[in-house]
2 protein chains.
Amino acid sequence: LKVYAIREGDVVFSRVPMIRVEGPVAMCQLIETTLLNCVNFASLIATNAARMREAVIGKKPIQMLEFGLRRAQGPDGAMSASQYAYLGGFDSTSNVLAGINYDIAISGTHAHSFVTTFSSLDQLQFVNPKIQCKDGKDLKTRAVEYRKLLNEEESSNEGELTAFIAYANAFPTHFLALIDTYNTLDSGLINFMSVALALHEAKCEPIGVRLDSGDLSYLSQKCREYFRRVSQQFQVPFENLTIVASNDINEEILYSLNVCLLIDWLVDAFGIGTNLVTCQKQPALGCVYKLVAIDGLARIKISEEIGKMTLPGTKSAYRLYIHNNEPLIDLLVLDDEANESPTEKKKSRSLLEAKQVIRCYHPSNDLKRVDVVPDRIEPLLIKVQNDNMQKKKNSLRKEKLEKEDERVWDGKLVYKSPSLKERRAFCMERVKTLRSDYKRVVNPTPYKVSISKKLKDVMKDLIEKETPVRTIQ
Amino acid sequence: LKVYAIREGDVVFSRVPMIRVEGPVAMCQLIETTLLNCVNFASLIATNAARMREAVIGKKPIQMLEFGLRRAQGPDGAMSASQYAYLGGFDSTSNVLAGINYDIAISGTHAHSFVTTFSSLDQLQFVNPKIQCKDGKDLKTRAVEYRKLLNEEESSNEGELTAFIAYANAFPTHFLALIDTYNTLDSGLINFMSVALALHEAKCEPIGVRLDSGDLSYLSQKCREYFRRVSQQFQVPFENLTIVASNDINEEILYSLNVCLLIDWLVDAFGIGTNLVTCQKQPALGCVYKLVAIDGLARIKISEEIGKMTLPGTKSAYRLYIHNNEPLIDLLVLDDEANESPTEKKKSRSLLEAKQVIRCYHPSNDLKRVDVVPDRIEPLLIKVQNDNMQKKKNSLRKEKLEKEDERVWDGKLVYKSPSLKERRAFCMERVKTLRSDYKRVVNPTPYKVSISKKLKDVMKDLIEKETPVRTIQ
């Protein structure tokens, strides 16, 4: 099979073919479901991740943490989700296996169960001898003293304080506390700060807090204010402690938080699980795999719905740029139009040449057409596999076919996929080059995908020829 | 680890524990994400399937076909989806591997690409010699003759007719045609019928048609009318040919079709993919895994949201039946209340005995409580794994621990899972026993889940003890 595909991480618009497969029709049909299964979910998650990444663009870089493992479609679904969330622009995953296999940073916090495990300070057994606070006191002693300073009645939950001390004893330089087990502001935040101040004395800098319920906008503001107040009161550099927010976050919530927090984010990182790996807005991507040509003849599927009609013929796809690097329109042309072999150079030139006028037609609306003089033309489909037709004797059927040769179709990979990190960088770059009005959440400008005159004519002829005209009388 | 679980296929309501794990806290925490990953998606799909099955209940049994492979989260997600859609009440899958592995009936139709492969009757090469139509004519000849009879202008698509003949030649007794490639009523239906009539002459009975686009309600009526008309005209038993409908079907569409078609369904089967395996209404199920007790002490997680608060303590769950077999209410009790060991028989009797008054409390609303005299009480959590504490010498650390024994926790499965078919039957039975107002789609009666007095008291005490009371001044 000969296979062309869009580069992984590229931005693709509706009607542009993502994969083009050429070969014997039976073989092409056999791989239909496999290809769709692999492409649909991966593209959905990468797109979803990229949209969420767009939603947090601001002055300050925001860390996006993927927490989807427990809500994905089984372990394998979760692995794909982690990989493609990263590709779409997320920074890390809580899926340890995915982190190791794909070289993605691993991040997470302790569980609520860890906090509820403890109920009293007496349960603390392990004391980390390396953590030496002021006057040689240990972490527990100092944390309890700080808690008294911060919260005279010592009303913050004692089990929670115990859990934080235990956690900080074990991971003194990775102290990120989940503070909503009992009450975020009246317990978790105070307990966190008690331990954080004690850690700071021992020259271990705390990381921050994670909010996992309640009004994230309000709570993040209150936390930030508290950090600033404590910084002044105790002369510690705690203004910029990390605030991680999680709890059913989706794209809308990111945008609404962005508006609430006005100029700058008070949150430093978002942990997103459910709504990243099972995209709420559109739980499934509807890519399809259709026959567009056979034996050199273009074919079409019309169906009862215009959106389900296919664009016929073996097509190539190009992106036309203006102003040097601004994608303006994608153009689909029949393969023979775009053939760039030396002998057809002249023909190819006439159709697809930068700095020349190229007429682009709307796929279905005859009134819409535009002349574009692109600065640059970029092919979107890259050859990834060659058909490797070999003449090979079939030993099993030797007697029968002794004098015959059998063609063996075993494709050969001709494209070296970049690393996941490179694909991620490519994806983020491609998203960035898009004009912002295409990326607006509400009522975005539709990016145009057009077809060539010849493709339009082929399509018209096929519709004319293949569809019955009904007589109504 | 000791593990209790709801039987697979049972109906579970919010707040009833689905799995209860007992063991060393570190081990219990390690399996958190794995358990959630396995339970969440499987339960979601089974529930979704069962709801769709409910939506087509009527006079006629409707076949429900799962077509989700291409939209699932990778191959593994698709395998789970096929298995749990079947468990929830679907009849077959288009996923061949799942069909083989789980012994589920496999069903599907040919692809649109198969139809578009053909453009002219001249392309037909294979003639099945076993198909002998009237006067010894072959299938192609007779199909073309019938088409002329049915459609004088022969305006139905020729390639499509060719494809149907080719398909029927290959599978004469499994002729189910996808008829929307060009135009359902003006081409596909006529071509199907031409081949169907020819097949009938050769004593091969056609199966029917599949609609995959357009207004399924209108088209299914038109198809059924056509079947009836042709049956009369040609004296063939075609009134009840199968109509399969697919195309982005979800629960709402099933209900709306049910209303449109009034008394009886004109459709015999639904093929559902996308919206079955990626549940639109709720793309992810939010089961969580929380610590409820440690060292015999009940624990609670309160959080900022009442819905995220856990019910403390090691609990058992019971279903209380009235009128013999009508589930009325589920009751959660602390394990020591329900302990049914012989020595505690008397105590157990006093709390959970059929024909006796049992007081049930609402988990959070103190005003709501009810006395139930159940006909029957059924435990919901079944022991599936025993902790198998063995005393075993650790050979690797022999020198160090020569005189010590190490406890090895290797659980032992004590529950034999029924076959998938049995679990499916169990699931459908359990759904059936529920009163219909619980299953109503719009504004259903909430099924009640209650707790015992003792559990309520433990909960109150814990909230009192663990949450700080804030002073506002």
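Mentor: pLDDT is the confidence, on a scale from 0 to 100, that the predictor assigns to each residue. This is a predicted model, in which local features need pLDDT of at least 70 and side-chain atom pairs count only at pLDDT 80 or more, while totals for chains, interfaces and linings use all residues. Residues are numbered from 1 along each chain as its sequence is written, chains are lettered from A and ligands numbered from 1 in the order in which they are written, and side-chain values use heavy atoms, without hydrogens or water.

Chain A has a mean pLDDT of 87, with 90% of its residues at 70 or more. Over residues 341–348 of chain A the pLDDT is below 50, and this stretch has six contacts in the model beyond near neighbours in sequence; contact here means heavy atoms within 4.5 Å. Residues 391–409 of chain A also stay under 50, with 21 contacts beyond four places in sequence. Where pLDDT is low, the predicted coordinates should not be read in detail. For the complex, the predictor gives an ipTM of 0.81 and a pTM of 0.86.

The part to look at is a sheet in chain A. Its elements are DSSP runs numbered from the N terminus: helices (H or I) have at least four residues and strands (E) at least two. Two strands pair if DSSP finds at least two bridges between them. The sheet is open, has seven strands in the order E5-E4-E3-E9-E8-E7-E6 of chain A, and its pairing is parallel. At the edges are strand E5 (105–106) and strand E6 (176–178) of chain A, each of which pairs on one side only.

Inside this order, strand E7 (residues 208–211) and strand E8 (residues 242–245) of chain A are joined by four bridges in the parallel sense. Leu211(A) has Ala245(A) of E8(A) as its bridge partner. Helix H9 (residues 216–234) of chain A packs on the sheet and touches both E7 and E8 of chain A; its direction makes about 165° with that of E8(A). Such angles run from 0 to 180 degrees between N-to-C directions, and axes are lines fitted to C-alpha atoms, for helices over the stretch in contact.

Apart from neighbours within four places in sequence, Ser107(A) is in contact with Leu65(A), Phe67(A), Ser92(A), Thr93(A) and Ser94(A). From the C-alpha atom of Ser107(A) to that of Lys290(A), 183 residues apart along the chain, the separation is 41 Å.

Finally, the part belongs to a chain that has a copy. A rotation of 180° with 0.0 Å of shift along its axis superposes chain B on chain A, with an RMSD of 0.0 Å. That is the relation of a two-fold axis.

Notes:
Copies are superposed by least squares on the C-alpha atoms of residues with pLDDT of at least 70 in both.
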